[in-house]
Amino acid sequence: MATSQKVAAPAAAKKSQGFTGIRGAFWIIVLCFIAALCIFNLVLGNGDNFQGGDNANAPVNILGTIFKGGYVVPVIHTLLLTVLCLTVERWLALKTAFGKKNLTKFVANIKAALKANDFDKAEKLCNEMRGSVANVVLASLHAYKDMESGANASLKKSQKVAKIQQAHEEATQLEMPTLQMNLPIIATIVTLGTLTGLLGTVTGMIRSFQALAAGGGGDSLALSTGISEALVNTAFGIATSWCAVISYNFFTNKIDKLTYALDEVGYTIAQTYEANHTDEA
């Protein structure tokens with residue numbers, strides 16, 4: 001247990017330098033809700049968008065029509081703004097995690113350095129690369145050197161290889177929360193956006209049928225208000241889910257690519273140790 005803590009320490013101590021993400025995502029949602037309310041009341045609800053300068057009247061442009069979508073509009077706008085903000089946040093965080101150089105080239109250079117048994121060069125490449133991949137590779141290299149020390153001379157080669165692989169896995173687990181942070185929120189909005197739009201659609205249609213029942217079909221303003229609420233909320237709900245799906249799948253794919261690179265380098269380090277050392281009794 002003491003050994004695993006020892007080899008995992010370098011990864012914990014050498015976290016990615018730069019932007020690693022916003023942990024208080026709740027405040028992003030709050031700020032987006034405030035922004036959505038301001039847009040709804042000050043921009044969409046502006047009197048210039050309605051007949052007679054009063055937002056209680058019929059709209060004269062698309063902004064007024066969106067306002068007539070009702071109270072569900074700022075809720076959907078909050079979800080949409082949250083997706084956009086978290087997309088930017090994840091892009092910046094993963095850019096830091098991938099490091100300062102091309103990931104594919106970095107993996108190739110590390111494998112070449114390991115093949116030549118040039119561990120100083122491999123460590124130098126990690127220091128230049130930085131990011132999550134470099135942190136994990138550094139932890140594996142430290143574990144490699146630790147296995148060659150006298151303190152682990154009593155272990156068999158298979159046990160040492162297992163220790164190197166364990167150090168690699170532990171370092172990877174330390175990095176994964178940073179990589180996946182806030183993605184569950186985006187995944188939730190994928191469904192929540194559509195459901196909120198559907199809620200707006202239902203409330204809009206209820207208003208439409210109420211207008212028909214109350215006025216016998218004569219209250220065209222109330223009828224058009226209900227229909228506009230239904231259509232506007234449906235459109236924004238679909239657009240929100242559309243953006244959330246693209247964002248979530250894009251970042252999930254990037255994380256899978258990074259994880260594959262980590263597994264590839266970790267396997268190479270373990271195999272290099274196994275090839276360079278004979279089995280001890």
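Student: How many helices and strands are there in the protein?

Tutor: This is a predicted model, where local features need pLDDT of at least 70, side-chain atom pairs count only at pLDDT 80 or more, and totals for chains, interfaces and linings use all residues. Residues are numbered from 1 along each chain as its sequence is written, and side-chain values use heavy atoms, with hydrogens and water left out. Helices (H or I, at least four residues) and strands (E, at least two) are DSSP runs, numbered from the N terminus. The counts are ten helices and zero strands.

Student: What share of the 281 residues is buried?

Tutor: Buried means under 20% relative accessible area, exposed over 50%, and partly exposed in between (1.4 Å probe, protein chains only). Across the protein, the buried share is 43%.

Student: How many residues of α7 are buried?

Tutor: Helix α7 covers residues 131-147, 17 residues in total. It is mostly covered. The buried count is 15 of 17.

Student: Is E175 buried or exposed?

Tutor: E175 sits in helix α8, residues 157-180. Its C-alpha is 8.3 Å from that of N135, 40 residues apart along the chain. Relative accessibility is 1%, so E175 counts as buried.

Student: How are α5 and α6 oriented to each other?

Tutor: Axes are lines fitted to C-alpha atoms, for helices over the stretch in contact, and angles run from 0 to 180 degrees between N-to-C directions. Helix α5 (residues 103-115) and helix α6 (residues 119-129) pack at about 160°, axes 8 Å apart. Angles under 35 degrees count as roughly parallel, over 145 as roughly antiparallel, 65 to 115 as roughly perpendicular and the rest as oblique. Therefore α5 and α6 are roughly antiparallel.

Student: Which residues of α4 and α8 make the contact?

Tutor: The axes of helix α4 (residues 72-98) and α8 come within 9 Å and cross at roughly 150°. The two helices are therefore roughly antiparallel. Contact means heavy atoms within 4.5 Å. The residues are R90, L94 and A97 of α4, with T178, L179 and Q180 of α8.

Student: How do the residues of that contact of α4 with α8 divide?

Tutor: Ala, Val, Leu, Ile, Met, Phe, Trp, Tyr, Cys and Pro count as nonpolar, Asp, Glu, Lys and Arg as charged, and the others, Gly among them, as polar. The division is three nonpolar, two polar and one charged.

Conventions:
The expected span of a helix is 1.5 Å times one less than its number of residues.
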